[in-house]
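Here are my notes on the model, as numbered points. Please read them with the structure open.

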Amino acid sequence: MKSKWFVRAVLLPAVILFATFMVFPIVSGLVIAMFDYNPLRSENSFIGLSNFIKLFHDATFIKSLKNTLTFVFVTVALNITVCLFLSTLISSLRWGRLRSLFRVLFFMPCVAPLVASSTVWRGLYSPKYGLINNFMESVLHIPAINWLGTPAFVMPAIILFTLWADMGYNIILFSAGMDGIPSDFYEAAEMDGTNAIKKFFFITLPLLGRTMSFVVAMTLISHFQMFAQFQVLAGRTGGPNQAGNVLTYYIYKTAFQAKDMGYASAIAIALFVIIMIVTLIQQRASRVDWGY
């Protein structure tokens with residue numbers, strides 16, 4: 001009996017923190033979404049599910065939803081692919097200090113604040129003075145592109161920046177997962193004359209199952225919630241033709257510029273449900289029931 005009380009006492013602070021910072025905000029957001037809520041008004045009327053019904057008729061919400069899904073799935077796919085490739089190259093290096101050096105170099109952009117990094121990259125994307133366009137014109141002989149002023153190039157520009165800024169975390173995780181794979185598997189494969197490509201697809205990739213499941217889940221969740229680069233690179237209007245407007249930025253504009261907290265809460269609840277559904281599907285699809 002005493003042990004049960006001890007366990008409850010130890011878990012109580014964690015439960016309080018979880019309820020305060022996770023459960024209470026979600027419930028509060030759901031309640032606010034039922035009102036035509038403006039914090040500057042003294043009275044806010046109850047409107048039931050009207051804010052949620054409005055989502056299906058809101059062209060800006062639908063556009064932001066499409067942009068969000070495009071950004072998340074394209075960026076996550078590229079992130080995982082590039083990080084796997086780079087992690088494999090880094091792990092293949094024989095000198096431990098050289099491996100550590102490359103891991104630090106790739107992780108450095110993750111340390112910099114996204115707002116500061118986005119501001120620097122906005123300068124790099126400048127159509128007249130940006131280094132990217134100067135390189136394209138002088139070296140590749142390609143005409144300059146107005147990256148942030150052309151609807152077709154706004155999202156690719158943001159995706160490219162996000163890859164640069166966010167790859168370091170996954171490279172570290174994949175490298176740690178690869179270092180944890182027993183060398184016996186590779187030694188047995190080498191004795192059978194297996195080449196590097198087959199070792200990757202038939203040994204490394206399958207044995208990275210648990211690491212892969214964690215990395216994909218965390219990357220999906222974090223990319224659904226990204227905001228800073230869209231605010232800086234796409235601007236206050238969400239870019240030309242709202243090509244860079246995503247749900248997180250739409251929530252911000254609706255809540256703090258239009259002061260429509262009720263509708264912003266409804267969008268936030270919709271985003272929460274989307275993240276939950278996508279994460280559950282991903283966890284179900286990548287379930288790993290083995291060990292080594």
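1. A cavity here is a set of grid points where a 1.4 Å probe fits but cannot get out. The model is predicted. By this rule, it holds one cavity of 30 Å³ or more. The volume of the largest cavity is about 30 Å³.

2. Three helices each supply at least two lining residues: α3 (59-91), α10 (209-224) and α12 (247-257). Helix α3 gives the most, with three residues.

3. Now to a helix pair. Two packed helices are described by the angle between their axes and the distance between the axes. For α8 (residues 183-191) and α9 (residues 196-207), the axes come within 11 Å and cross at roughly 165°. Angles over 145 degrees count as roughly antiparallel, so α8 is roughly antiparallel to α9. The crossing of the two is right-handed.

4. Which residues make the contact between α8 and α9? Helix α8 brings F185, Y186, A189 and E190. Helix α9 answers with K199, I203, T204 and L207. In this contact, five residues are nonpolar, one is polar and two are charged.

Technical notes:
Residues are numbered from 1 along each chain as its sequence is written. This is a predicted model: local features need pLDDT of at least 70, side-chain atom pairs count only at pLDDT 80 or more; totals for chains, interfaces and linings use all residues. Side-chain values use heavy atoms; hydrogens and water are left out. On a 1 Å grid over the protein atoms alone, a cavity is a set of points where a 1.4 Å probe fits but cannot get out, and a pocket is an open set with protein on both sides within 12 Å along at least five of seven lines; lining residues have an atom within 4 Å of a point. Grid points are joined across faces, edges and corners, and a volume is the space filled by probe spheres set on the points. Helices (H or I, at least four residues) and strands (E, at least two) are DSSP runs, numbered from the N terminus. Axes are lines fitted to C-alpha atoms, for helices over the stretch in contact, and angles run from 0 to 180 degrees between N-to-C directions. Angles under 35 degrees count as roughly parallel, over 145 as roughly antiparallel, 65 to 115 as roughly perpendicular and the rest as oblique. A crossing is left-handed if the near helix is turned anticlockwise from the far one by less than a right angle, and right-handed if clockwise. Contact means heavy atoms within 4.5 Å. Ala, Val, Leu, Ile, Met, Phe, Trp, Tyr, Cys and Pro count as nonpolar, Asp, Glu, Lys and Arg as charged, and the others, Gly among them, as polar.
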